[in-house]
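Biologist: I would like a close look at a single part of this model, with the whole chain as background. Please keep to what can be computed from the atoms.

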Amino acid sequence: MKKSLMLCMILVLVLMTACGNSDKGATSANSPEAKDTVTVWTYPVHGTYEDELKGLVSAFETEHPNITVKTEMLSWAEGPQKFDVALNAGSPPDLYFHSVDGTYVNTGLALDLDPYMTDDIKNDYLPGTLELAQIGGKQYGLPLYQFEWGWGGNKRILEEAGVDWKSIQQNGWTWSQFTETAAKLTKKLANGSTQYGLVTDGTSLDFIEMLTRNNGMPDVLNEKGEFQWGDDRIKDTLSFIKNLIDKGYMPKETAAIAPAKRSDMFYAGQAAIISKAIPYYDVMIKNRNKDIDAGKVTGEKIDFVLLPVPHGDNAPAKTTMGAEGYIAFKQKNDKGEQHAKNTFTVMEYLSNAKAGNASNELVLPFVRKSQADMYAGKELGTADTIAASKKMAENIQIPVTLSLDTAKAAKMKQFKEQVVTPNIQALYSGEKTPEAITEDFKGKAGQMLGQ
């Protein structure tokens, strides 16, 4: 009996020692030293961003050997839908490249970054830039750059028609002035094709959104959540577009023009002005010109001119601007606080001074002092484009989604998808009049927006 009791005690001591040693050898999942993986879904932000991202990730993993960063490069065409599916399923990536959106916050999965924002990080951001990634005063994203939408012109065609593009860059232009200019820019070419004054794609809402902002409407809703697209302002905007198509200044087949086709028409000299254009076109077209010189591409070399969007004759000029960068997310099966901290650490690294190369490549305003300092004197855009971009930024229209509560932001997004998109297609194709579309907007706003 004594011998059996002694054996039992020895066995218990052995098991306790083994368990103790096991605890010492293991690292808790909530420990900062624990192995972790952070997933990042992003886009080809500029021509060499994929290689740039690989370099940033490699450097990060060297400095943080316990954190593995798994990246996936999405396509602009299919990426948003893939992300929406993942988000709705409760399994979004830890980091996603996009502008902050109230509909994302509305899911409850967007990570509130305020607990992780140090004074050093906050003070490095230039005034007004952090706010471009906030909803209701809470930080949900870290901006990588400030995006800026405008129109772009072919310098040769503009000057042949006697268009003073430098004056337009400095002083802007009204819809009446643009219509007069478009008439000068539209003509038959020697090969029988038409040179249009303006070309846009028929698949997105960028065009109508830029024009409505330049006719006194910041968006479908304003910052107070009040419906805007139901009076003469929207009817006049739609009539302006219809007139350009009816006069032949824009292609009658605009509804069927894809973004790539729009660009091809601009490169081929079949369009004097393209919408939308971003300052990055300056770099893209310079690279295309080099490829033409090297015999890699055939076609006419183009000198790019960045232009502001024309504004309504009785409305102020506005430039569609905001911020794009990384947004952090939790998952339905929450991975814990340490994983959230690791996610923010990766996020901040991918938005640091060196990451300011994205702004430089895109010829866009920097968001951080350290970025501006690192790339000072290394600007890639022409002096004219940089100056025009700065002038346009004086008329910034901040996205209203940053001011709306998340429920209203979600309803506005649904209204655009289900009501605005098919109606704009119908406008382009001539199936509906501006008056009929305005009435449809008002009716559907009552049903979907409660206004």
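This is a predicted model: local features need pLDDT of at least 70, side-chain atom pairs count only at pLDDT 80 or more; totals for chains, interfaces and linings use all residues.

Modeller: Residues are numbered from 1 along each chain as its sequence is written, and side-chain values use heavy atoms, with hydrogens and water left out.

The background comes first. The average pLDDT (the predictor's confidence in each residue, from 0 to 100) is 91 for the chain, and 94% of the residues score at least 70. Residues 1–26 have a pLDDT below 50, and this stretch has 0 contacts (heavy atoms within 4.5 Å) beyond near neighbours in sequence. Along the principal axes, the C-alpha atoms fill a box of roughly 110 × 55 × 40 Å. Of the contacts between residues at least 6 apart in sequence, 76% join residues at least 24 apart.

The chain contains 18 helices and 13 strands; these are DSSP runs numbered from the N terminus, with helices being H or I of at least four residues and strands being E of at least two. An open sheet of 5 strands runs in the order S8-S9-S10-S7-S11, with mixed pairing. Here two strands pair if DSSP finds at least two bridges between them. Strand S8 (187–188) and strand S11 (304–307) each have a single partner strand, so they stand at the edges and one side of each is left without a neighbour in the sheet. Strands of a sheet pair through backbone hydrogen bonds, either parallel or antiparallel.

Now the part itself. S8 pairs with strand S9 (residues 194–199) in the antiparallel sense, over 2 bridges. Lysine 187 has glutamine 195 in S9 as its bridge partner. Lysine 188 also belongs to strand S8. With a relative accessible area of 61%, lysine 188 is exposed (over 50%). Leaving aside residues up to four places away in sequence, lysine 188 touches Ser193 and Thr194. Proline 279 is 91 residues from lysine 188 along the chain, and their C-alpha atoms are separated by 29 Å.

Notes:
Buried means under 20% relative accessible area, exposed over 50%, partly exposed in between (1.4 Å probe, protein chains only).
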